[in-house]
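Reader: I would like the terms used for this structure set against their cut-offs. Please show the structure, then take my questions.

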Amino acid sequence: DFVLATHLYPAQAMDYIKLSSKDLRDKKMDYILTDYTSIPFNSDMNNLDHYITPSDLLTKTLIRGHVKVNKIVPLGIPVSSSFIDNAKDIRKELGIKKGEKMILITSGSMGFGKWLKKAKELSEIENVKLIFMCGTNKKMKDSLNNLKLPNVKAIGFINNMNDYLKSADIVIAKAGGLSTTESVQMRKPLILHSSIPGVETYNVKFFVDNKMALKAKNDEELVSMVKDLLENKKLQKELIKNQEKYIKKYSAKRIVDLIKK
């Protein structure tokens, strides 16, 4: 009765079906964009019922790509409600002492990036605990833990990322559409680093241009940026205030409401 696509390829297939099939032309088909940009291929699709976008700031970009404005619905990228309502503080379980700051470093589900040197440099910051999320990259996890640094802990694939985000004081992440959304839904000071060239480059630009995150250009800048952000409470509040302004919560519920209508 209703088809939702969260990836370009099935969205393109659906667009072609709507254009060419008389039997399926009236079927309701929507496309959820899961990055903070409009990639060139989106301009080739004009036949779907709705284009559900991460933010109204992207509407002009889609219109330039010839998508009709009445089809653009800026409801946000849907993430699990557990990132909003059900997360718990697990700092004690992680051995984080009172007064210590928790820095959460995420690297995607497959553990992207080279972190050994950065881990050593970040570990020299006073009064911090570094938690590295390595996903399925066992080599990265073992290499980081083998450093035997008392304030560095590397963890493999988990099912409670919401708890780790809830517990963090600062998040360092690459700019995947979902991972950035999860972080800002939790309203955390965010530093983007080691992003994959391509669509993530545009995600970085979106968050930095709208002052929702900082971008570290290299390892040296990352370390100094973490130090500065830990001390700069005013900047932390500014990042979170802009996250609240541009990235609304409960996107999944609003998408469900659209379907029900």
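Predicted model: local features only at pLDDT ≥ 70, side-chain atom pairs only at ≥ 80, totals over all residues.

Reader: Why is Lys 101 called partly exposed?

Author: Its relative accessibility is 28%. Buried means under 20% relative accessible area and exposed over 50%, with partly exposed in between (1.4 Å probe, protein chains only). Lys 101 therefore counts as partly exposed.

Reader: What does Lys 101 touch, not counting residues up to four places away in sequence?

Author: Contact means heavy atoms within 4.5 Å. By that criterion Lys 101 touches Arg 91, Asn 127, Val 128, Lys 129, Asp 169, Leu 230 and Lys 233.

Reader: What makes E5 and E8 a pair?

Author: Strands (E, at least two residues) are DSSP runs, as are helices (H or I, at least four), numbered from the N terminus. Two strands pair if DSSP finds at least two bridges between them. E5 and E8 have 3 bridges and pair in the parallel sense. Ile 105 stands opposite Ile 172 in E8.

Reader: Which residue in E9 is the bridge partner of Ile 172?

Author: That partner is Ile 191. E8 and E9 run parallel, joined by 3 bridges.

Reader: Which residues touch the most other members of the largest nonpolar core?

Author: Met 102, Leu 104, Tyr 164 and Phe 207 do, in a core of 30 residues. A nonpolar core is a set of buried Ala, Val, Leu, Ile, Met, Phe, Trp, Tyr and Cys residues joined through side-chain atoms within 4.5 Å.

Methods:
Residues numbered from 1 in each chain as written. Heavy atoms only, no water.
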